Each structure stands twice: as C-alpha cells, then as structure tokens.
Amino acid sequence: MKAVIRSLGSYAPIRVMPNDELAHQVDTSDEWIYSHTGIRNRHIAASDQAASDLAIEASLNAIEATKHDGGPALEANDIDLILLATATPDYIGFPSTACIVQAAIGANKAAAMDISAACTGFIYAIEVARSFIIAKSARTVLVIGSEVFSKIVNWKDRSTCVLFGDGAGAALVCAAEDNSSLAWEQGHLGIGYLASDGTGAEHLIRPAGGSKQALIPGVTSEEDQFVKMNGRQVYLFAITAIIDSVNKLLESNKLTFEEIDLVVPHQANRRIIEASCKRAGWDESKFFMNMEEYANTSAASIPLAMDELYRAGKIKRGQKIITLGFGGGLTFGGNFLVW
C-alpha cells in the first residue's frame, strides 16, 4: 500500500494588509520589511473568522478538486481521519479545531485531531497521514494547516507583527495499491523526516494561556499573551534545520539534490532560504517562495504554496519534490513526494 496526495485546496482571507499600512502602526517601512524578509503583504482574517473557518474553506476546495482529476469524486463522508495542524486553534486544549471542521463539512465517519508542531505542523501531519495509510488504519485522510496569527501577534511589536499572516491549506491523502498508476495519483509520498529540539523551546513561544502560566485577568501582562520570538536564535536554528532535513530526506530516499526538481519550504523569511542555499551550495531557483503575498502563515504556508503551484500548472507529472518545515518547539522536518 502507498500513500498519495489526491488533491489540494487553500483559502486566504479577503483582507490584504500591505507593508505601508503597517508603517502607520509601528516604526517600519515597506522597504525595510521587504529587504529583511521578502514580505510585501499579508492576508488578515475578519474579526469573526477563526482557524476552523479558514480550514473549512480550504477543505471544501480540496474535496471539490477531486471532481475534476479524472478519478472517482470524493465526498466528506469518504474521509476516515482529519489531521489539523495549527498553532492558533479555536479553543485552548479542547475541543480540537479538527472536530469543529469534521462537523462543519459533514465528515461523519472521520476521526479528528489537532497536531501542534507550529510552523512544522503540516509536515508532521502529512507524515502521520502516510503512516496511517501504510498501516491500513485509514484510506482517506484530510490534512489541513490553518492559522490566524493576526489574533496572537502583538501589533505594537515590530519584530513579530510584520512577519505573520492568516491562511489555510489542505490536502487529501489517499491509499493506492503499490503497483497502480492512476491519473488521480498526483503525489506519491516517500519517506519523510521529523525532528525536534526542545532545548530551544523558549526561542519561539506564547507564554501565557496554558497550564505553565495561566491567563489571569488583571495579573497576566499583555505582552505575555502574544507571540514572542528570539529572532536571531530562530534564524540560526532554521538554517541548520533546513540543511539537516534536506540531507536526511535525500539519504532516506536514496537521492541527490541534483535529482530534486522543486523544494517548497515553510515561507518564513526569504533571507533564511537564501542563507541555507548559500551554505549548502544548492541551486536557489529550485526553492519556491510566495511569502511576498502571504507572509508567514505558519502551518498553512506549505499547503498554500503547493496549491498555488498546482493551480498555476507549475508541478509536472514525475517531478521529485521536497517540502520543508521549521518552527516553534523547536520542530523541523520534511516530506518527499513524486508527483
């Protein structure tokens, strides 16, 4: 049994916040933000939109896409498992955002759970989905990355508020026989790589709101309710994490970097990608980046990018693709697939 990506879907909120708008809120400029990050815009969720709302739209788009790929159309009731990666869930702890999505789309036969691995969440969820399918515990898994970071960033903190945006992306991962090669089998998943380094947990953190530091009205500082980041340490970690993940994926799947056609990294910061390629001696043109429009959407960034590439016809049959994630936890890793 093999696991394949059957379809993709995404959703970005309608409102777009350009850098110039941010320049009216904090001491920054479009030139500074773009030169340091590669970001020009970010999409911002409406006040009544939660992570589940964005995830529902992306999921429905992924389900709809199965009606146009030459294979049997899938319905929500065909889904066995929903894995939702998010660092901005609708609620703290429970209920899971995945369960809210499960009910909303009518996936009445599906188990549902959230995965918490920050910006690496979608990478983790895809590998979990692959494992479920290979173990024959599920045949159709809906994998989602959905984030509303606009609600947990401090809009007075220039070091973080310029980086993040909101969005969601989804993939339907399905079971197929090892020797089959049907038209809808668009992404055969190879061996993935998951890793973590908890010694750096405090480098990217939202201090208050959990059992470690409960949110106490009138006592908890406003700053501790928002994301905090040690930018220098995260930058250094990310470069090492990218290089390590690529090398591990190449080794596990018996490939060289020259054989890879496309790399889709977490869309955190253009400078991170450039520095990684320079240090490793890789061809930067193989790395797809769209943070200019969406900024850092955490667990949503990779499926958003993948769906954009697919809809634009930039992913071709037979291409070898690596996806890479790195973020809070600290977590990192990647997936390998042949389209």
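Visitor: How many cavities of 30 Å³ or more does the structure hold?
Guide: Happy to start there, with the reminder that this is a predicted model. A cavity is a space where a 1.4 Å probe fits but cannot get out. With a volume cut-off of 30 Å³ or more, the count is one cavity.

Visitor: Which strands and helices each supply at least two residues of the lining of the largest cavity?
Guide: That cavity holds about 70 Å³ of space. Its lining includes Ile 5, Phe 122, Ile 302 and Leu 337. The elements that each give at least two lining residues are strand S1 (2-11), helix H5 (121-134), helix H10 (301-311) and strand S14 (331-338).

Visitor: Turning to the open spaces, what is the volume of the largest pocket?
Guide: Its lining has 38 residues, with Ala 87, Thr 88, Pro 89, Ser 116 and Arg 206 nearest the centre. Strand S5 (111-115) and strand S10 (204-205) each contribute at least two residues to that lining. By class, the lining has 21 nonpolar, eleven polar and six charged residues. The volume of this pocket is about 1200 Å³.

Visitor: Which element gives the most to the lining of the second largest pocket?
Guide: This pocket has about 470 Å³ of space and 23 lining residues, with Leu 163, Met 229, Gly 231, Tyr 235 and Asn 269 nearest its centre. Elements supplying at least two lining residues each include helix H2 (30-37), helix H8 (270-280) and strand S13 (320-327). With four residues, the top contributor is H7.

Visitor: What does H7 reach from its first C-alpha to its last?
Guide: H7 has 22 residues, and at 1.5 Å a residue the expected value is 32 Å. The model comes close to that, with a reach of 31 Å.

Visitor: What do the buried residues of H7 pack against?
Guide: Buried here means under 20% relative accessible area. Among the H7 residues that pass are Val 234, Phe 237, Ile 242 and Leu 250. Their packing partners are strand S9 (193-196), S10, strand S11 (228-229), H8, S13 and S14.

Visitor: Which residue with a positive phi follows H7?
Guide: The phi in question is near 55°. The residue that carries this angle, after H7, is Lys 254.

Visitor: How far apart are the end C-alpha atoms of helix H3?
Guide: Helix H3 covers residues 51-65, which is 15 residues. The expected span uses one less than the number of residues, at 1.5 Å each, and for H3 that gives 21 Å. The model agrees, so the end C-alpha atoms are 21 Å apart.

Notes:
Residues are numbered from 1 along each chain as its sequence is written. This is a predicted model: local features need pLDDT of at least 70, side-chain atom pairs count only at pLDDT 80 or more; totals for chains, interfaces and linings use all residues. Side-chain values use heavy atoms; hydrogens and water are left out. On a 1 Å grid over the protein atoms alone, a cavity is a set of points where a 1.4 Å probe fits but cannot get out, and a pocket is an open set with protein on both sides within 12 Å along at least five of seven lines; lining residues have an atom within 4 Å of a point. Grid points are joined across faces, edges and corners, and a volume is the space filled by probe spheres set on the points. Ala, Val, Leu, Ile, Met, Phe, Trp, Tyr, Cys and Pro count as nonpolar, Asp, Glu, Lys and Arg as charged, and the others, Gly among them, as polar. Buried means under 20% relative accessible area, exposed over 50%, partly exposed in between (1.4 Å probe, protein chains only). Contact means heavy atoms within 4.5 Å.
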